Amino acid sequence: MKNRTFKTMITTTFLVVSSIVIFSCSEIEYGTNDIDSWPGSAIYELQHPCMLHTDADFEFIKERYAAGEEPWKTAYDNLIKDKYTNPATRKAQPVEEVTRDNYHNTLGIDALMAYQQALAWKLTDEDKYAEGTVEILNQWAQVCKKWISRDSNGKENNGTVLLGYQAYAIANAAELVRDYPGWQPEDFKAFQNWMKDLVYPFCYKWLTEHFGDSPAMTWCSWDTPAILSMMSVGILCDDSDMIDYAINYFKNGAGPGSIKYAVVDMHEDPAGKVQGRNLAQGQEVGRDQGHATINVPMYGAIAQTAYNIGVDLFAYDNNKILAICEYTAKFNIDPSDVDIDMPFTPIMTRDGLHSNVAPDGRGQMRPGWEIIYNHYAVKKGLNAPYSLKCAEKIRPENTLEEMEKGKVNGYKDQVGCGTLMFYRGAAIAIPDN
């Protein structure tokens, strides 16, 4: 069948009566946020910096760069020469009210600028980068007072889409320069309060109420940034309650960002490269690939952040994050493969019935694959053939300027520089089958 984009394998029961086709589909029984029933605090330790990166990471990268080793040398050089890493390129452009109309060109750029400049400070020890980061952070804490999340009809909607994707990036920047002597203690405290007073309540309200929507009628890509940003704010502010809530929501929450609801069904790989029922069909793969692929860097960052405080979400529920990523990667590695065999279970969503993997946006390569591949394949020695292909395809992962030039989809919605920060070498060879 040369005229089709892909093949699907659908587990359904068909009954044809008077030209009507009735079939069964996945109807995930979403839970409730019964916080009182959630387990107690996780065991973790905050040794700052400890969000996406630790001091040990920077020492490792410095050693690789000093030895001229690749791909670290190229990735390091790309970071330093990126125009947004240079504090002289652009001053912070905070706004009093962040809206869906202005966040990409204000907070979206400033958060990633602050993040890249903070990375550069940790790697070079040049104060100009820390000073640039601090200026951005102070400006936003002083000027921005409100996030506005309303649709055209005036109803509150998924505000974490315009908040969570940038909030975790700017929180990471603050975490990296928190010990910079030039950041005055009162200004650091003001930034912590800004994150607690503005970011945390928005994330909490979304995850507990979903702004009045049934959790089943929301998307995984709306939950994941709220989980990640809440955890990041908790670490920045040494607030165990925020951290506990975010980790517990990942495990037990009511919405599709919770790992038990993020997966529609588990499948075997028709190609045999992934053994057993270890391809996890994510909630949004039938929507489009732009949204399906954003969940890869989100889950990677959630797990990496938790891992750096001693909580292994990578391994949770039999490495379920890897299973989601392998399914997503399999479909997006080669858009020209029109006969790819993708198992799929139909699911009812807020957009209606999804009956196959959506071809829209197929082949998008967002940054984030290095976290997944390097943790599972390099660190743990697990088989991750499809994630490997995605990581190889975009290595080294882009900086902000490179993503902007390359028109990477939603390029301000996730941090870049993944190869520089997460690549740890080749994995042990594992047979495909």
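Helix α3 runs over residues 107-124 and has 18 residues. From its first C-alpha to its last, α3 reaches 25 Å, close to the 26 Å expected at 1.5 Å a residue. That expected span is 1.5 Å times one less than the number of residues in the helix. The helices I name are DSSP runs of H or I with at least four residues, strands are runs of E with at least two, and both are numbered from the N terminus.

Before going on: this is a predicted model, in which local features need pLDDT of at least 70 and side-chain atom pairs count only at pLDDT 80 or more, while totals for chains, interfaces and linings use all residues. Residues are numbered from 1 along each chain as its sequence is written, and side-chain values use heavy atoms, with hydrogens and water left out.

Is α3 mostly covered or uncovered? It is mostly covered, with 17 of its 18 residues buried. Buried means under 20% relative accessible area, exposed means over 50%, and partly exposed is in between, with a 1.4 Å probe and protein chains only. Just after α3, Asp125 takes a positive phi of about 65°.

Now the whole chain. The protein chain has 15 helices and 10 strands. Of its 433 residues, 58% count as buried. Its accessible surface comes to about 17100 Å², and 47% of that belongs to carbon and sulfur atoms. The areas come from the Shrake-Rupley method with a 1.4 Å probe, and for residues only the protein chains shown count as cover. Among contacts with a separation of 6 or more, 77% are between residues 24 or more positions apart. Contact here means heavy atoms within 4.5 Å.

Tyr327 counts as buried because its relative accessibility is 0%. Which residues is Tyr327 in contact with, leaving aside its neighbours within four places in sequence? They are His267, Leu279, Ala280, Gln281, Val285, Met342, Pro343, Phe344 and Val357. The C-alpha atoms of Tyr327 and Asp269 are separated by 8.6 Å, and these two residues are 58 apart along the chain.

Also in α11 is Asp317. Asp317 is not a glycine, yet it has a positive phi of about 55°. With a relative accessible area of 36%, Asp317 is partly exposed. Cys417 is another residue other than glycine with a positive phi, near 65°. Cys417 sits in the loop between α14 (400-405) and α15, and at 3% relative accessibility it counts as buried.

Next, the cis peptide bonds. One joins His48 and Pro49, with omega about -5°. Pro49 lies in the loop between β3 (20-22) and α1 (55-66). Another cis peptide bond joins Glu70 and Pro71, with omega about 5°. Pro71 is in the loop between α1 and α2 (72-81).

On a 1 Å grid over the protein atoms alone, a cavity is a set of points where a 1.4 Å probe fits but cannot get out; a pocket is an open set with protein on both sides within 12 Å along at least five of seven lines; and lining residues have an atom within 4 Å of a point. Points are joined across faces, edges and corners, and a volume is the space filled by probe spheres set on the points.

The largest pocket holds about 260 Å³. It is lined by 13 residues, and the closest to its centre are Asp57, Gln304, His375, Lys379 and Arg424. Which helix gives the largest share of this lining? It is α12, with 5 residues. By class, the lining of the largest pocket has 5 nonpolar, 5 polar and 3 charged residues. For these classes, Ala, Val, Leu, Ile, Met, Phe, Trp, Tyr, Cys and Pro count as nonpolar, Asp, Glu, Lys and Arg as charged, and the others, Gly among them, as polar.

The structure also holds 3 cavities of 30 Å³ or more. The largest cavity has a volume of about 90 Å³. Of its 13 lining residues, Pro297, Gly368, Ile371, Val415 and Phe422 are the closest to its centre. Two or more residues of this lining come from each of α10 and α15. The lining of the largest cavity has 8 nonpolar, 4 polar and 1 charged residues.
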